[in-house]
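Here are some exercises to work through with the model open beside you. Try each task yourself before you read its solution.

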Amino acid sequence: EALLGRGTSAAAVAIGGNVATVATSSPGVAAVAAVPPGKGESRGDCGVGSSSWQEPRKAGSPVSSPSSKITHSGDVSIGGAVVVEDQPDVSAVLSAYNQQGDPTLYEEYYSGLKHFIECSLDCHRAELSQLFYPLFVHMYLELVYNQHESEAKSFFERFHGDQECYYQDDLRVLSSLTKKEHMKGNETMLDFRTSKFVLRISRDSYQLLKRHLQEKQNNQIWNIVQEHLYIDIFDGMPRSKQQIDAMVGSLAGEAKREANKAKVFFGLLKEPEFDVPLDDEDEEGENEEGKPKKKKPKKDNVGSKSKKQDPNAPPQNRIPLPELKDSDKLDKVMNMKEAARRVRLGPECLPSICFYTFLNAYQGLTAVDITDDSSMIVGGFADSTVRVWSVTPKKLRSVKTAADLSLIDKESDDVLERIMDEKTASELKILYGHSGPVYGTSFSPDRNYLLSCSEDGTVRLWSLQTFTCLVGYKGHNYPVWDTQFSPYGYYFVSGGHDRVARLWATDHYQPLRIFAGHLADVTCTRFHPNSNYIATGSADRTIRLWDVLNGNCVRIFTGHKGPIHSLAFSPNGRFLATGATDGRVLLWDIGHGLMVGELKGHTDTIYALRFSRDGEILASGSMDNTVRLWDAVKAFEDLETDDFTTATGHINLPENSQDLLLGTYMTKSTPVVHLHFTRRNLLLAAGAYSSQ
């Protein structure tokens, strides 16, 4: 059958192209750090950055800690692989902290390096300063592991104030680890230990550091650099403080340049061709004189756009998509007609905003979604209910009982109308079934189904014909933070506290793909408009783009300084906008794997991002009770995406947030949880009134 997951067992986790076998239930799943073998480029000079390649462990072979030692000739001997099983063998993971120096000298080593970096030339100082944080953490953990508690405490107190402000939360966790026993149960700790912290440094700065450490015979620091850091060396100018600050801040440093090299088919799939029935058009022509002239060229435009194959699009059959039903075709025709009447937005023509406020939402509103045709709105609540409202005058009705259905004449023209039970018509339906707060909701494109995910670890599929639960998908053993239907229906994605995102199909009770690699909770998930890729945002402060076909991670974006809470793809599929607790919206070019913009203005977490239907405007909604509109066309025009920038990460972000901000709209006291552009580009926003 042409379904994705037939051959894959749920337990095979593809990480960056290497398959590591992991127990699916494990909260530690994502702590597996798999690194592809080095490409040779920029690794040969001394072998820093060549890292032991984690291979799938043979059943029964013991877990050993990575032991890639660098010999003088620059060869790397590849040690064993670390694969974190259901209960990670913590002692093996931590044993690398055994070879220790004299605990009393740690402060001296660190302050010596600090002095050296602070006295180096400006151009190198910014790059080498990246070493402070990972070295601080590993030296502190080494002291704690070897039970030098008082030295560890004084080391922490002396140097923790020097770290960048965006590491405050991590340092808070670290300061609570004061005994060897604490380290065993701490996931953040284990992640830091198993994944190499990635630094991008120019060759000149790197040579400077290497010379200094070798002259000083400062072996303790050199050992940590080799054992725990991955230095990605590039040729060319060192980066400035500003350029580095834009990209750092995630739990494991920056992404390696290799991570964003794979080809991504970001183009859109060809729209199926079918004729728009003409009779409606003619009637309209009679009704509104002078209109058809305007309309005709637009009509052809819609048609012609879909006939040409986008050169960046994936092959049409790259992943099997469901066949279009007749009702889908009707809906597409409706969509085209609406599109013809769509308002062209821009700096001179801003959308109207209609705000849906949930009043008296004492149940605690935790999630909202609106159907594509803007006819229904759903809220997920902390009291574990899901509530569906009709936004149009048309009430919500259930299908009649089986006994009544058998009496209906199947041949009649209005059979679809007759099967509905008028007695059940109401504006609101409440769906009971979850046993914990509902954190994510998503309507299917055809409006027949609704997904909800909850703290109870399940994702539920509800029928909007009968308003009952059809399936409960169990796979996450921990809270599920987000779920979303594919733009083509049938597939859906979920992400949760177990650090994994899962791809499901509605007719399979097990996931088709498991996307593992994040080092902390997967907080939000989004399908690419062509359904071949999924973006996930995480509390590890990175965004990853996954290939649905093979489960590989094809992009890693770092730069946010807090957990990611919202994602939005541009309608043309080329760009991604992301929002986080740091109040910044970052813009990414998917094809080149580059950050291309930063929108500053919000003062609190951004929970909602949406592009207008033609991608001219980006709307962002935040906990600071505002909706902001940004000029997306201007943000993405004349980008510098030459090969040099891509190769080294020398990004120069224009400080133009104020020029791009088209408007700020305050609510009285309602944090914005969801945004949605209707087919005619009216902006709908939603949130629950908070009396504080």
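**Exercise 1.** Find Thr-466: in which loop is Thr-466 found, and is Thr-466 buried or exposed, or something in between?

*Solution.* Keep in mind that this is a predicted model.
- Step 1: Look between strand S14 (458-463) and strand S15 (468-474); the loop there holds Thr-466.
- Step 2: Turn to accessibility. Buried means under 20% relative accessible area and exposed means over 50%. Thr-466 has 37% relative accessibility, so it counts as partly exposed.
- Step 3: Compare sequence and space. Thr-466 and Ser-398 are separated by 68 residues in sequence, while their C-alpha atoms are 4.8 Å apart.

**Exercise 2.** Locate Gly-253, decide whether Gly-253 is buried or exposed, and work out which residues Gly-253 touches, not counting residues up to four places away in sequence.

*Solution.* 
- Step 1: Gly-253 sits in the loop between helix H11 (241-247) and helix H12 (278-287).
- Step 2: Its relative accessibility is 4%, so Gly-253 counts as buried.
- Step 3: Leaving out residues up to four places away in sequence, Gly-253 touches Phe-197, Val-198 and Thr-558.
- Step 4: Take Thr-558 from that list. In sequence, Gly-253 and Thr-558 are 305 residues apart, yet from C-alpha to C-alpha they are 7.9 Å apart in space.

**Exercise 3.** Describe how helix H2 and helix H5 pack: what is the angle, and how far apart are the axes?

*Solution.* 
- Step 1: Recall what to look for. Two packed helices are described by the angle between their axes and by the distance between those axes.
- Step 2: Helix H2 (residues 106-119) and helix H5 (residues 149-159) pack at an angle of about 20 degrees, and their axes lie 10 Å apart.
- Step 3: Name the arrangement. That angle makes H2 roughly parallel to H5, and the crossing of the two helices is right-handed.
- Step 4: List the residues that meet. H2 brings Tyr-106, Glu-107, Tyr-110, Ser-111 and Lys-114, and H5 brings Glu-151, Ser-154, Phe-155, Arg-158 and Phe-159.
- Step 5: Sort them by class. The contact of H2 with H5 has 4 nonpolar, 2 polar and 4 charged residues.

**Exercise 4.** Draw the open sheet that contains S30: in what order do its strands come, and which strands stand at the edges?

*Solution.* 
- Step 1: The open sheet has 4 strands in the order S28-S29-S30-S31, with antiparallel pairing.
- Step 2: Strand S28 (606-611) and strand S31 (661-666) stand at the edges; each has a single partner strand, so one side of each is left without a neighbour in the sheet.
- Step 3: From one strand to the next, the twist averages 15 degrees.
- Step 4: Strand S29 (residues 617-622) and strand S30 (residues 626-631) pair over 5 bridges in the antiparallel sense, with Gly-621 opposite Val-627 in S30. S30 is also joined to S31 by 5 bridges, again antiparallel, and Leu-629 stands opposite Gly-663 in S31.
- Step 5: Check how well S30 is covered. Of its 6 residues, 6 are buried. Thr-626, Arg-628 and Trp-630 are on one side, with Val-627, Leu-629 and Asp-631 on the other.

Conventions: Residues numbered from 1 in each chain as written. Predicted model: local features only at pLDDT ≥ 70, side-chain atom pairs only at ≥ 80, totals over all residues. Heavy atoms only, no water. Pairing = 2+ DSSP bridges. Axes fitted to C-alpha atoms, helices over the stretch in contact; angles between N-to-C directions. Parallel < 35°, antiparallel > 145°, perpendicular 65-115°, else oblique. Left-handed = near helix turned anticlockwise from the far one by under 90°. Contact = heavy atoms within 4.5 Å. Nonpolar A, V, L, I, M, F, W, Y, C, P; charged D, E, K, R; others polar. Buried < 20%, exposed > 50% of the residue type's maximum accessible area, 1.4 Å probe, protein only.
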